[in-house]
Amino acid sequence: MGLYLITGGAGFIGSHLADALLARGDAVRVLDDLSTGRRENLPPAASLIVGDVADPAAVRAAMAGVDGCFHLAAIASVARAAEDWLGTNRANLVGTIAVLDAARGARTPVVYASSAAVYGDCPVQPIAETAPTAPRSAYGADKLACELHAAVATEVFGVPTVGLRFFNVFGPRQSPGSPYSGVISIFAGRLRRGEAVDVFGDGGQTRDFVYVADVVAALLGAMTRRPAGHRVFNVCTGHATSVRALAETIASLSGQALQARTHPPRPGDIRHSVGLPVAAREALGLAPPTPLRDGLADVLAWLAQGE
Ligand code: NAD
Ligand code: UD2
């Protein structure tokens, strides 16, 4: 059994990954600054180092002796990156370079989180990995730069890397309270209490919502199978859901009438984002994705537990 470092392991996706690694008998070390992550998300068996992923000494210490690193630490919000361009660049890009640099000596394998945001407004949907990248946000630009640095780490310095372009991930532990959180957690948090939701734009924009357990399976598959060379894979379902249809589905699952206030679109908001999942399915050995309604039911049940 191995020892794995998860940067950002106290966050939403990272804490589910920690649970899965521990459940199969691996040991888990987490590096997290607890800026959006929470200590309570982590199982007691995971060891937590509170530190900054952009601090090279902290990352080197956290990387010592591990069999692999899952690099998830980031400021995971397009809107926050628009407000704090330099600050998010430090966490999202400098942090990734610090991880790749620390992985160089021992050629520690690194599986890292990229994003569908690298594609920008792609004219062809669903989007394959071979589609051109044209980010429309500082967040997406940093994620694309992470991929370029990971390619250098692999091709020049011999560090095994796999990049996973997560589409819109949802599930329990995604904060319903923050305006920077994912749309599903915000909508579910409000609609179940019969409160109105805010829709940016006409609600016709579409997203590919992928359940967190399926993302964890992709992370584990990427570390285990580690395809040769630097590779990037979509982590998605292939199904499009509009923001308005999403709100209607969550309202109906909550037994509430939908009340929605409309606002202008967010600057740079992507119109359609649906991914082609076949390459990841084959290379990482993934099962068919969790149906959206099943995942939404889990989110609503988790929110009800917190009452
Ligand atoms: P999250 O905010 O719950 O997790 C990110 C974690 O990183 C948090 O625990 C936070 O405290 C930590 N962190 C932030 N800055 C740090 C720093 N400077 N040093 C150390 N730790 C730091 O978000 P998440 O949704 O779990 O995202 C995990 C990863 O997946 C991120 O890289 C994100 O960009 C990527 N991603 C997420 C989605 C999604 O829909 N949630 C989609 C695409 C990509
Ligand atoms: C981007 C990335 C995603 C991930 C995420 C950061 C794209 C296509 N996707 O997600 O991969 O990296 O950033 O975690 O770039 N919305 C509302 N009302 C709300 C909240 C959101 O209408 O209260 C809309 C929002 O304008 C957008 C959609 O819902 O059209 C999804 O928004 P989001 O913030 O959940 O995620 P998004 O697509 O920016």
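Let us start at the ligand: a backbone N or O atom of Val 53 lies 2.9 Å from a nitrogen atom of ligand 1. Keep in mind that this is a predicted model.

| Residue | Part of the residue | Atom of ligand 1 | Distance |
|---|---|---|---|
| Val 53 | backbone N or O atom | nitrogen | 2.9 Å |
| Leu 72 | polar backbone atom | oxygen | 2.9 Å |
| Lys 143 | polar side-chain atom | oxygen | 2.9 Å |

On its own, ligand 1 has 820 Å² of accessible area, and the protein covers 91% of that. S5 gives the largest share, three residues.

Who comes nearest to the ligand? Among 29 residues around ligand 1, these are Phe 12, Asp 32, Thr 36, Tyr 139 and Val 169. By type, the shell holds 15 nonpolar, 10 polar and four charged residues.

Now for the protein's interior. In soluble globular proteins, nonpolar side chains tend to be buried together. Here the largest nonpolar core has 33 residues, and Ile 6, Ile 13, Leu 17, Phe 70, Leu 164, Phe 166 and Leu 219 have the most contacts inside it. Elements supplying at least two residues of this core include strand S1 (3–7), helix H1 (12–23) and helix H7 (212–225). The largest share, eight residues, comes from H7.

Notes
Residues are numbered from 1 along each chain as its sequence is written. Chains are lettered from A and ligands numbered from 1 in the order in which they are written. This is a predicted model: local features need pLDDT of at least 70, side-chain atom pairs count only at pLDDT 80 or more; totals for chains, interfaces and linings use all residues. Side-chain values use heavy atoms; hydrogens and water are left out. A nonpolar core is a set of buried Ala, Val, Leu, Ile, Met, Phe, Trp, Tyr and Cys residues joined through side-chain atoms within 4.5 Å. Buried means under 20% relative accessible area, exposed over 50%, partly exposed in between (1.4 Å probe, protein chains only). Helices (H or I, at least four residues) and strands (E, at least two) are DSSP runs, numbered from the N terminus. A residue is near a molecule or strand if one of its heavy atoms lies within 4 Å of it. A polar contact is a pair of N or O atoms within 3.5 Å; within protein, one must be able to donate a hydrogen and the other to accept it, and residues adjacent in sequence count only if both atoms are side-chain atoms. Accessible areas come from the Shrake-Rupley method with a 1.4 Å probe; for residues, only the protein chains shown count as cover. Ala, Val, Leu, Ile, Met, Phe, Trp, Tyr, Cys and Pro count as nonpolar, Asp, Glu, Lys and Arg as charged, and the others, Gly among them, as polar.
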